[in-house]
Amino acid sequence: MMISVDVRAANGICEIYLSGKIDEKLDVAAIASQAGQATKVRLSLAQVRSISSMGLRSVESLVEALGRGRDLVLSDISPALATQMAVIPNLCGGVAVEAARLPFVCPACSAEASHMVPWKANALATLSPKCTCGAVMELDGLAEQYLPS
Amino acid sequence: MSEWSGRKPQGAAVVSRHGPTCRRAAQSLGAAGLHVRSTALPSELPLPDLADVVAVLVDLDVAIGSASALVDEARAGYPGVPLLCTAGIDARLRLLDAFCVARVDHVLPKRGALTLPRGGMPVLGSLEGPDEHDLFAAVRRLIEGPDSPGVAPYLLSGAPVHAVQIRSTTDKDAALDQIVRFAESMDLGGEKLRRLELAAEELMMNALYDAPRTEDGSARHAHLDRRLPVLLAPSESITLRFGCDGQTVAVAVCDPFGALDRLAVADRLGRVKDGLPRPQPGLGGVGLGLVMTYSVANQLVFCVSPGRSTEVTAVLHVGGSNRAAQERGTAVHYYEQP
C-alpha cells in the first residue's frame with residue numbers, strides 16, 4: 001500500500017521511480033535530498049497506483065523541490081496522475097510530461113492491457129497500441145479524462 | 001402497487017420531448033409506484049390529470065432559452081415538489097449548473113451524454129435517457145424519506161453490506177485496506193479499484209478532518225495538517241458501509257456531526273465547471289476531495305441532517321468496462337432532513 005521509491009543516479013542524471021500510493025505521507029524532503037547534486041532529474045510515476053487529494057499537494061511539492069535548480073522531466077505518469085493533470089493542467093507547474101501509461105481494451109477479444117502513449121492531445125489518433133490478436137486497442141476510458149485537451 | 005392497497009397513487013410529472021427519456025422515466029418512476037404523465041411543454045404544468053405529485057423530472061434538453069427559466073417554470077407549476085433534472089447535451093456542465101446555481105437537488109445525466117463529440121452538433125437520438133436504476137433509487141428515497149440507509153438502496157436486494165466503525169486515522173487506513181481487499185476479492189483491479197479506493201479515502205478523510213465540530217459548532221480538525229493523526233470520541237464514531245452486487249459497488253460514510261451544507265457542496269462541485277484550481281496551499285485540506293470523488297463516482301448522494309448526521313454515498317458502476325462507467329457521467333443527489 002505504501003509508496004516505494006527507487007533512485008538511480010549516474011553522470012549528473014538522477015532517475016526517480018515512485019510506485020504505490022501517493023498521499024499526505026509522501027516524504028518529499030527525503031526524496032528530493034536523494035537527487036543530490038544531479039542537474040537533470042527524470043521522475044517516473046507510471047507505477048503510482050493511486051493519488052489522494054492530499055497526495056496532489058505532495059506531488060506538487062515534489063515537483064517543485066526536484067525542479068529547483070535542476071532540469072526536471074516527468075518521464076511517465078499513471079492513470080491516477082493523468083486524470084488529475086487533465087483537469088488541473090498546471091498541477092505540475094508546467095514541467096514537461098513525456099508519456100502516460102494508460103488502460104486499454106481490445107474491442108475484438110476484450111483483452112485488457114496498459115500501454116505507454118505520448119501524453120499529448122490526440123495522442124490516440126495515430127498511436128493506439130495493437131492487441132496480441134492484431135486489433136487496434138481502444139482507451140478504456142474517455143480520452144479527455146486522461147489526456148490534455 | 002398502491003392501487004391494490006386502496007391508496008390513491010402518487011404522481012410524477014415529466015417534462016421532455018425526448019422519447020428515450022420519457023420511456024426511461026415512465027419505467028423507473030412507474031416501478032417506484034408513481035403515476036407518470038409527460039409533457040413536452042413546461043407551460044402545461046401543472047398537468048390536469050395528475051394528483052399528489054411527489055417528483056418532477058425536467059429534461060434540460062427541451063429548454064429553448066436558459067435552463068434556469070425551464071427550472072423556474074417547473075417550480076412554479078409544482079411549488080415545493082422535489083425537482084430532478086436530466087440532460088444529455090453538455091450534460092456535465094449543465095447539470096452542475098442546475099445543481100450549483102439553480103439549486104436543483106437531483107441531477108442525472110442521460111446515458112451516452114459524455115460520448116457526444118465536443119462542439120459537435122447535438123444529436124438527441126444518440127442519448128438513452130437517465131439511468132433507470134439511478135432514477136428509481138432516487139425517487140424511492142424521495143418517497144420513503146431520506147433516512148441514512150447506507151449503500152443498500154443502490155445495490156441489488158440481498159447484496160451483503162459491510163460496516164466498519166472508524167474513530168481514528170489508523171482505523172481509516174485499516175478500513176481502506178479492507179475495502180481494497182474486498183474489491184480485489186471480486187477481481188476489481190486497475191481503474192475500477194483506483195476509483196473505489198479514491199472515493200472511500202476522500203469520504204473518510206472528510207468525515208475525520210472536515211466534519212468534526214466543537215461544542216460551539218466551529219470546525220475542530222479542518223485546520224490540522226493531514227499528517228497528524230486524529231482520534232474521535234466513541235460517541236463520535238464514523239460509520240463506513242460498503243457493498244457490491246457484481247454490477248455496482250457503493251461506499252457510504254456517515255458522521256454524527258451534520259456539518260456539511262448544500263452551499264459547501266455547491267461550492268466544491270462548482271469548481272468542476274469553473275476549472276479546477278491547484279491544491280490549496282497550507283497544512284489543511286486541499287479543497288479537492290469532494291471534486292475528486294465526484295470525478296470517479298457515477299452517483300454522489302448527500303444526506304444531511306443539520307447538526308445530527310451527514311452521510312455521503314459514492315456509487316460506482318463496475319459491471320462493464322471502465323470506459324462504460326465514465327460514459328455514464330455522475331448523478332448528484334442532495335437530501336436534507338430535520
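What follows is a chat about how the parts of this predicted model touch.

Biologist: OK, how many residues of chain A are in contact with chain B?

Modeller: 23 residues of chain A, and they meet 23 residues of chain B. Contact here is C-beta atoms, placed from the backbone, within 7 Å.

Biologist: Which elements of chain A give two or more residues to that side?

Modeller: Strand E3 (40–51), helix H2 (53–67), helix H3 (79–87) and strand E5 (99–105). These are DSSP runs numbered from the N terminus: helices are H or I with at least four residues, strands are E with at least two. H2(A) has the largest share, five residues.

Biologist: And how do the residues on that side of chain A divide?

Modeller: Into 11 nonpolar, six polar and six charged. Ala, Val, Leu, Ile, Met, Phe, Trp, Tyr, Cys and Pro count as nonpolar, Asp, Glu, Lys and Arg as charged, and the others, Gly among them, as polar.

Biologist: Switching topic: what domains does chain A have?

Modeller: Domain 1 (1–97) and domain 2 (103–149), with bounds from an automatic or database domain assignment. Their centres, over C-alpha atoms, are 24 Å apart.

Biologist: What touches what between them?

Modeller: Eight residues of domain 1 of chain A contact eight of domain 2 of chain A. On the domain 1 side, H3(A) gives the most, four residues.

Technical notes: Residues numbered from 1 in each chain as written. Chains lettered and ligands numbered in written order. Predicted model: local features only at pLDDT ≥ 70, side-chain atom pairs only at ≥ 80, totals over all residues. Contact = placed C-beta atoms within 7 Å.
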